[in-house]
Amino acid sequence: MERIIKYFPSLSDTQRSQYAALGELYKEWNAKINVISRKDIDDIYEHHVLHSLAIAEVVRFQSGARVMDLGTGGGFPGIPLAIMFPDVRFHLVDSIGKKVRVAQEVAHAIGLTNVEFSHIRGENITDRDYDFVVTRAVMPLTNLLNCIGKTIKSEQQHALPNGILALKGGELDEEIAPMRRLCTTWDISNWFDEPWFETKKVVHVTVMHTK
């Protein structure tokens, strides 16, 4: 929790209490339904909560924006971002029902009111009014764009073009090559100084709409 306050010192009391509750909630739920690696659960704030919030360093979602978290698992990056941006609507989706249930229960326990959940595969989503899709490396970027690009709306309200924001790790040159003109990449180590982030990145893919 100290790491969250270190990088985001202007959090409200409500936000601080919501973030503070996540550690124990996820430990309790992970003992019943494994949504986080057992070796990672003690590092939940660094490896999951703070990692999710790297997206907040790239874009400040505007009030009223709509953001989908594709392949949310137990609620990452969607739940930490929903706490950070209480005036933004988040739709957390996953193809595995038990993971969606954990995310729902955690969100309910901390009083999040700006989230909705769906047990659905990405290619079956028919909504076309999202400003951004956020995700944690659920599939290669080309596949991700083909799967979910249709859900991004054309009307812009952010300085960053509407599109996909993916948390990725490792060497990405080969993955990005087919769509390089659409991609911008940031090293998370530019913002967070923990060694774990040295190979972690945020990748933005602009979704282009053809008329």
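**Entry 1: Ser-52**

I started at Ser-52 and found this residue in helix α3, which covers residues 44-53. I am working from a predicted model, so I keep that in mind for each entry. Is Ser-52 buried or exposed? Its relative accessible area is 0%, so I noted Ser-52 as buried. Next I looked up what surrounds it, skipping neighbours within four places in sequence. Ser-52 is in contact with Phe-76, Pro-77, Pro-80, Leu-81 and Leu-167.

**Entry 2: Gln-15**

I then turned to Gln-15, which has its place in helix α2, residues 13-32. Its relative accessibility is 11%, and the cut-off for buried is under 20%. Gln-15 therefore counts as buried. Which residues does Gln-15 contact, leaving aside its neighbours within four places in sequence? I listed Ile-83, Met-84 and Pro-86.

My next stop was Tyr-19. Not counting residues up to four places away in sequence, Tyr-19 touches Met-1, Ile-4, Leu-11, Tyr-45, Val-49, Leu-53, Pro-80, Ile-83 and Met-84.

**Entry 3: The whole chain**

Finally I stepped back to the protein chain, where I counted eight helices and seven strands. How does the radius of gyration fit a compact globule? For 211 residues such a globule would have a value near 17 Å, and the chain has 16 Å, so the two agree. The C-alpha trace spans about 45 × 35 × 30 Å along its principal axes.

I noted that buried residues make up 53% of the 211 residues. Of the contacts between residues at least 6 apart in sequence, 72% join residues at least 24 apart.

The accessible surface comes to about 9800 Å², and carbon and sulfur atoms account for 46% of this area. For charges, I found 24 positive and 27 negative ones, with their mean positions 4 Å apart.

Technical notes:
Residues numbered from 1 in each chain as written. Predicted model: local features only at pLDDT ≥ 70, side-chain atom pairs only at ≥ 80, totals over all residues. Heavy atoms only, no water. Helix = DSSP H or I, 4+ residues; strand = E, 2+ residues; numbered from the N terminus. Buried < 20%, exposed > 50% of the residue type's maximum accessible area, 1.4 Å probe, protein only. Contact = heavy atoms within 4.5 Å. Rg over C-alpha atoms; globule rule 2.2 N^0.38 Å. Areas by Shrake-Rupley, 256 points an atom, 1.4 Å probe, with all protein chains shown as cover. Lys, Arg positive; Asp, Glu negative; His and termini not counted. Charge placed at Lys NZ, Arg CZ, Asp CG, Glu CD.
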